[in-house]
Amino acid sequence: MYVHKVQYYETDKMGISHHSNYIRWMEEARVDFLAEIGWSYDKLEELGIHSPVISVNCQYKHPTTFPDRIYIEVAIVSFRGAKLNIAYHMRNQDGEVVCSGHSEHGFLNDRGRPVNLKREHPDFYQVLLALQK
């Protein structure tokens, strides 16, 4: 589980976290998740694998403020080889759900062409396949 501490600069004039920050927190949690399963972004890029965001969405449930701690659970919802769908569940230090979100990702090589993970990177493919819920 990834933990993000809300920074003062992430809040708006009303004193709550600006909505755009939740997308950033999802990325922080995703990068951490991939590193924890042995496939850091550095490793992926060294292998020539890039994973652009195809879509992203958030449902805001409860405001967050400085200096809340946000606990972010990351789960692979589905993996079909060409697309990866990830869910994010965010709770504050009191256990309140503050945001739920999803992001969908593709896989491209250094030339911007789709990567066949099953054929070209079977170890990574198998890890993602095994982790889907």
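Q: Helices here are DSSP runs of H or I with at least four residues, strands are runs of E with at least two, and both are numbered from the N terminus. What pattern does the protein chain follow along the sequence?
A: The pattern reads β-α-α-β-β-β-β-α-α. That comes from four helices and five strands.

Q: What kind of model is this, and how are residues numbered?
A: This is a predicted model, where local features need pLDDT of at least 70, side-chain atom pairs count only at pLDDT 80 or more, and totals for chains, interfaces and linings use all residues. Residues are numbered from 1 along each chain as its sequence is written, and side-chain values use heavy atoms, with hydrogens and water left out.

Q: What does the C-alpha trace span?
A: Along its principal axes, about 50 × 30 × 20 Å.

Q: How much of the chain is buried?
A: Of the 133 residues, 40% are buried. Buried means under 20% relative accessible area, exposed means over 50%, and partly exposed is in between, with a 1.4 Å probe and protein chains only.

Q: Which residues of α4 are buried?
A: Helix α4 covers residues 122-131, and its buried residues are Phe124, Tyr125 and Leu128. They sit on the same side of α4, because they cover an arc of only 100° around the axis. The arc is taken from the directions between the helix axis and the C-beta atoms.

Q: What covers them?
A: The cover includes α1 (20-36), α2 (41-46), β3 (69-79), β4 (84-92) and α3 (117-120).

Q: And which exposed residues are on the face turned away?
A: Asp123 and Ala130.

Q: New topic. How many salt bridges does a search of the whole structure find?
A: One. A salt bridge is a side-chain nitrogen of Lys or Arg within 4 Å of a carboxyl oxygen of Asp or Glu.

Q: Which side chains meet in it?
A: Arg119 and Glu120, at 3.5 Å from N to O.

Q: Are those two exposed or partly exposed?
A: Arg119 counts as exposed because its relative accessibility is 62%. Glu120 is at 40%, so it counts as partly exposed.

Q: Where is Arg30, and which side chain of opposite charge is nearest?
A: Arg30 is in helix α1. It is buried yet has no salt bridge. The nearest side chain of opposite charge is Glu27, 4.1 Å away. For charge, Lys and Arg count as positive and Asp and Glu as negative, while His and the chain ends are not counted.

Q: What does Arg30 touch?
A: Leaving out residues up to four places away in sequence, Arg30 touches Tyr41, Val53, Val74, Ile86, Tyr88, Ser103 and His105. Contact means heavy atoms within 4.5 Å.

Q: Val53 is on that list. Where is Val53?
A: Val53 is in strand β2, residues 53-60. Its relative accessible area is 45%, so Val53 is partly exposed.

Q: What is Val53 in contact with?
A: Arg30, Glu104 and His105, leaving aside neighbours within four places in sequence.

Q: Last one. Is the peptide bond from Phe66 to Pro67 cis or trans?
A: It is cis, with omega near 0°. Most peptide bonds are trans.

Q: Where is Pro67 found?
A: Pro67 is in the loop between β2 and β3.
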